[in-house]
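Here are some exercises to work through with the model open beside you. Try each task before reading its solution.

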Amino acid sequence: MAQKPHGLDAKPTPGRPPQLSDYHLRKLERLLLQGAKKHGWPNQLWTAGRVARLIRERLGVSFHPEHVRKILKQRLGWTSQKPKRKARERDDKEVERWLGDELPRILREAYRRQAHVVFLDESGFQLTPSVRRSLAPRGQTPILDCWDRRDRISAISCITLSPLLGRPGLYFELLPVNQTVHGEEVVAFLEQLRRQLRGPFTVVWDRSKIHSRSKAVKAWLAEHAEVVVEDFPGYAPTLNPDEWVWSWTKYGRLSNLAAWDGDELWDHIIMALIDLKFRPGMLNAFLAAAGVPVAA
């Protein structure tokens, strides 16, 4: 009995040809890469509905938005992504100048002083969970039981680079439930950091009031000449590697966490940060994402 042909010898199965040929698909991609603003929308974000309208108006083919989503993913290799927010007040030229001139200067001067470089930031965690997508049967939306309370845990942390080998480190401090970070808490953190690093350091932070205007912070810095302060450009949080610590913790490790109370939330935050502290590869990734050379 003869065997059925298979592989390249098999005849192709007849079927309906795609309504978008390869030529029209390449044309569609060129249109999409021009950005949504070019085609009349108020921002650069492409949704399945917007792309479906573009295909209908420019290529004369009507598709349901969900089918458009499949075309983008399967034929163009696009993925669903969450947009990053950027403040309109941000000066992109100043950010570029800071990365090209100021950051190398900060690293060079710290190296000459044999000083650690400290990227410091504050953040907060709420009892209300950061909700992220989950898997469930179609039409059965999962329910996340949680308290609708505004209990909050404030925290301070920093990613450090050692002066010789550029090895990353992570230091952090969590405040009691519902206590806010003020200049006094920043001073306490800096003093503890000074004792642990046992040497000079350069702290790089944003221009918030608790850094630039706090009398307690100014007085402490005046007494410690071995600590140099540098500022990030305004409205550019992604330049701070420590910002990625909070993003990873809040929206990654602790997403969908519905803690019973502030104490349980405190425990989860501590465990997540301790885990991160002993993952230098992840800390290096945060540094690289912020534009800091890993082997600084």
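**Exercise 1. Find the residue in β4 that stands opposite valine 117, then describe the strand pairing around it.**

Step 1. Threonine 202 in β4 stands opposite valine 117. A word on the source: this is a predicted model, where local features need pLDDT of at least 70, side-chain atom pairs count only at pLDDT 80 or more, and totals for chains, interfaces and linings use all residues. Residues are numbered from 1 along each chain as its sequence is written, and side-chain values use heavy atoms, with hydrogens and water left out.

Step 2. Strands β1 (residues 116-126) and β4 (residues 201-205) run parallel and are joined by four bridges. Strands here are DSSP runs of E with at least two residues, and helices are runs of H or I with at least four, numbered from the N terminus. Two strands pair if DSSP finds at least two bridges between them.

Step 3. Valine 118 has valine 203 of β4 as its bridge partner.

Step 4. Now look at β5: five bridges join it to β4, and the two run parallel. Here valine 204 stands opposite glutamate 230.

**Exercise 2. Work out the strand order of the open sheet, and why one side of β3 and of β5 is left without a neighbour.**

Step 1. The five strands follow the order β3-β2-β1-β4-β5, with mixed pairing.

Step 2. Because β3 (168-174) and β5 (227-231) stand at the edges with a single partner strand each, one side of each has no neighbour in the sheet.

Step 3. On average, neighbouring strands are turned by 25° against each other, direction ignored.

**Exercise 3. Which residues does leucine 25 contact beyond its neighbours within four places in sequence?**

Step 1. Locate leucine 25 in helix α1 (residues 22-33).

Step 2. Its contacts (heavy atoms within 4.5 Å) are Leu20, Ile71, Arg75 and Leu76.

Step 3. Leucine 76 is 51 residues from leucine 25 in sequence, yet their C-alpha atoms are 8.1 Å apart.

Step 4. Leucine 25 counts as buried because its relative accessibility is 7%.

**Exercise 4. How many aromatic pairs does the whole structure hold?**

Step 1. The search finds five. Rings of Phe, Tyr and Trp (its six-membered ring) pair if their centres lie within 6.5 Å; planes under 30 degrees apart are stacked, over 60 edge-to-face, and the rest tilted.

Step 2. One of them is the tilted pair of tryptophan 98 and phenylalanine 232, with 5.2 Å between centres and 45° between planes.

Step 3. Tryptophan 98 is in helix α4 (residues 92-112) and phenylalanine 232 in the loop between β5 and α8 (241-253), 134 residues apart. Both are buried.

Conventions. Axes are lines fitted to C-alpha atoms, for helices over the stretch in contact, and angles run from 0 to 180 degrees between N-to-C directions. Buried means under 20% relative accessible area, exposed over 50%, partly exposed in between (1.4 Å probe, protein chains only).
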